[in-house]
Amino acid sequence: MSRPKLQLALDNHDLSNSLASAQKAQSQVDVMEVGTMLAFENGMKAVRIMKSLFPEHIVLADIRIIKAGGKLAKLAFDSGADWVTVMSDASNDTIEAVVKEVKSRENKDVQIEINQSFTSEQTDYWRSLGITQLIYHRSSEVVEEEVKWTPEVILELKNLADKGFQLSITGGLSVDEIKLFKDVPVYCFIAGRKIANSPEPFQAAKQYKDEIIHVFG
Ligand SMILES: O=C([C@H](O)CO)[C@H](O)[C@H](O)COP(=O)(O)O
């Protein structure tokens, strides 16, 4: 099992605070996420600045595409994003337009964020389009107290991995919870508030990274 990446989700509205956290945590992080809030507040300027400051990192624009997939993906990629997000409930046309934009470029990718539920017809369809990345967010809304990761969810994740998906896990994820996924080939752990809002973003990110190495090698 290869070592999962660590993604820092920057969801604060304030760009300079977000960039300061990113600067401090950068050595521990593989993926810099321009979170939905940051992108709404600052637009693609946030993506452009993020990529210019962190050219060696993967930059994800978490713009949660639901419509106008091709145009929005183009906008994010033209601004320097490496990955974009599209919601699982987007129409097939929208998802296909995003995939077309990804395939027309080099080293770009799309992550489908599962919203609420999904069917095996959908997952088969996404795979048939060549989509590999799925984000599993443990609650459909951003809440302070997240629900627990249950054995049923862990099994569901294993089944998705068996279908060939690369899984990103998120939603108030704590360092202690990483070990719950030891038997799942997680592609990426996404942590936001616990790193970005910490007084010591480097130390906070290092704790996640150290635990990922401890659990996955
Ligand atoms: O996707 C996210 C959220 O829904 C707002 O866009 C977060 O980026 C992601 O869940 C990580 O954030 P934390 O829950 O703060 O760890």
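Analyst: Here is a walk through that part, from the whole fold down to single residues.

This is a predicted model, in which local features need pLDDT of at least 70, side-chain atom pairs count only at pLDDT 80 or more, and totals for chains, interfaces and linings use all residues. Residues are numbered from 1 along each chain as its sequence is written.

The protein has nine helices and eight strands. Helices (H or I, at least four residues) and strands (E, at least two) are DSSP runs, numbered from the N terminus. Eight strands close into a barrel in the order 1-2-3-4-5-6-7-8, and the pairing is parallel. Two strands pair if DSSP finds at least two bridges between them. On average, neighbouring strands of this sheet are turned by 25° against each other, direction ignored. Those angles rest on axes, which are lines fitted to C-alpha atoms, for helices over the stretch in contact; angles run from 0 to 180 degrees between N-to-C directions.

Now the strands you asked about. Strand 1 (residues 5-10) runs parallel to strand 2 (residues 31-34), joined by four bridges. Leucine 8 stands opposite methionine 32 in strand 2. Strand 2 also pairs with strand 3, again in the parallel sense, over four bridges. There, methionine 32 stands opposite valine 59 in strand 3. Strand 3 in turn runs parallel to strand 4 (residues 83-87), with three bridges between them. Leucine 60 stands opposite tryptophan 83 in strand 4.

Strand 3, helix 4 (residues 69-78) and strand 4 make a right-handed β-α-β unit. Right-handed means that, with the strands pointing away from the viewer, the path from the first strand over the helix to the second runs clockwise.

Next, burial. A residue is buried if 20 or more other C-beta atoms lie within 10 Å of its own, exposed if 12 or fewer, and partly exposed in between, with C-beta atoms placed from the backbone. Strand 3 (residues 58-65) is mostly covered, with six of its eight residues buried. In the protein, buried residues make up 39% of the 217 residues.

Helix 3 (residues 44-53) brings its own buried residues: Ala46, Val47, Ile49 and Met50. The buried residues of helix 3 pack against helix 1 (15-25), strand 2, helix 2 (36-42), strand 3 and helix 4.

Back to leucine 8. Two residues are in contact if their C-beta atoms, placed from the backbone, lie within 7 Å. Leaving aside neighbours within four places in sequence, leucine 8 is in contact with residues including Ala22, Ala25, Val29, Met32, Ala191, Ile195 and Ala205.

Leucine 8 also belongs to the largest nonpolar core, which has 62 residues; Leu8, Val34, Val84, Val98 and Phe189 have the most contacts inside it. Strand 8 (residues 186-191) gives the most to this core, with six residues. A nonpolar core is a set of buried Ala, Val, Leu, Ile, Met, Phe, Trp, Tyr and Cys residues joined through C-beta atoms within 7 Å. In soluble globular proteins, nonpolar side chains tend to be buried together.

Residues 24 or more positions apart account for 65% of the contacts in the protein with a separation of 6 or more.
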